[in-house]
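Okay, thanks for coming, everyone.

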Amino acid sequence: MAEAADWDEVTYLHKRTSRAADAKSQKVVNQALRKGEEIETHKKFTAATNKQKAAAKDTAKLDRETEELKHERVTLDFARTLQKARLAKGLTQKELATKICEKPQVVNDYEAGKAIPNPQIISKLERAVGVRLRGKEIGLPLHG
């Protein structure tokens with residue numbers, strides 16, 4: 001039988017390679033300072049933030065912008081025509097909204113002239129009240 005291995009002796013098969021994280025530890029930095037080795041440090045100003053580098057450029061562009069941007073709204077002519085057509089059919093705003101599968105607030109916004117025009121909703125409104133609400137023939141009966 002072979003002789004038993006000495007328990008006090010340790011054999012390393014692979015030397016552990018240093019990692020980048022080890023080089024950043026305070027212990028390794030202090031050892032390098034004691035030995036007089038060079039240490040290179042970088043200050044990262046936007047580290048751990050979600051800031052884009054082109055933010056300053058965009059901010060300056062926005063500051064130079066003079067045009068006031070707003071969403072297009074439905075015209076008052078559209079709103080009045082819709083209201084007259086709805087009343088001619090004898091519908092309330094809630095009934096019309098139910099008929100076109102929209103919320104009553106949507107119909108209210110269109111009649112008040114506050115709504116942003118949506119072609120799909122306008123088409124549903126035209127079919128429900130039977131009157132053209134767009135183009136040159138606004139207010140005329142819908143053919144179809």
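I'll go from the overall fold to one helix, then to the core and the charged pairs.

A quick word on the ground rules. This is a predicted model, so local features need a pLDDT of at least 70 and side-chain atom pairs count only at pLDDT 80 or more, while totals for chains, interfaces and linings use all residues. Residues are numbered from 1 along each chain as its sequence is written, and side-chain values use heavy atoms, with hydrogens and water left out.

The protein has seven helices and zero strands; helices here are DSSP runs of H or I with at least four residues, strands are E runs of at least two, and numbering starts at the N terminus. So what counts as buried? That's under 20% relative accessible area, with exposed being over 50% and partly exposed in between, using a 1.4 Å probe and protein chains only. Of the 144 residues, 19% count as buried. The accessible surface, from the Shrake-Rupley method with a 1.4 Å probe and only the protein chains shown as cover for residues, comes to about 13,000 Å², and 52% of that belongs to carbon and sulfur atoms. As for contacts, meaning heavy atoms within 4.5 Å, take those with a separation of 6 or more: residues 24 or more positions apart account for 48% of them.

Now let's zoom in on helix α7, residues 119-129. In between, which residues of α7 are buried? They are Ile121, Ile122, Ser123, Leu125, Glu126, Ala128 and Val129. And what do they pack against? Three other helices: α4 (76-89), α5 (93-99) and α6 (104-112).

That takes us to the core. A nonpolar core, by the way, is a set of buried Ala, Val, Leu, Ile, Met, Phe, Trp, Tyr and Cys residues joined through side-chain atoms within 4.5 Å. The largest one has 19 residues, and the members touching the most others are Phe78, Leu82, Leu96, Tyr110 and Leu125. Helices α4, α5, α6 and α7 each supply at least two residues to this core, and α7 gives the most, with five. Take Leu82 as an example: leaving out residues up to four places away in sequence, Leu82 touches Leu96, Tyr110, Glu111, Leu125, Val129 and Leu133.

Rings of Phe, Tyr and Trp (its six-membered ring) pair if their centres lie within 6.5 Å; planes under 30 degrees apart are stacked, over 60 edge-to-face, and the rest tilted. Phe78 and Tyr110 have ring centres 5.9 Å apart and planes at 50°, so this pair is tilted. Phe78 is in helix α4 and Tyr110 in helix α6, 32 residues apart, and both are buried.

On to charges. With a salt bridge defined as a side-chain nitrogen of Lys or Arg within 4 Å of a carboxyl oxygen of Asp or Glu, the count is four. I'll show you three of them.

One is Glu111 with Arg86, where the closest N and O atoms are 2.4 Å apart. That pair links helix α6 to helix α4, across 25 residues. Are these two buried or exposed? Both Glu111 and Arg86 are buried.

Another is Glu102 with Lys124, at 2.9 Å from N to O. Glu102 sits in the loop between α5 and α6 and Lys124 in helix α7, so this bridge ties together parts 22 residues apart in sequence. Glu102 is partly exposed at 25% relative accessibility, and Lys124 is partly exposed with 25% too.

Then there's Glu126 with Arg134, with closest N and O atoms 3.0 Å apart. Glu126 is buried, at 6% relative accessible area, whereas Arg134 is partly exposed at 34%. Setting aside neighbours within four places in sequence, Glu126 is in contact with Val131, Arg132, Leu133, Arg134 and Leu142.

Last stop is Thr81 in helix α4. Thr81 is buried, with a relative accessible area of 13%. Its contacts, not counting residues up to four places away, are Val131, Arg132, Leu133, Ile138 and Gly139.
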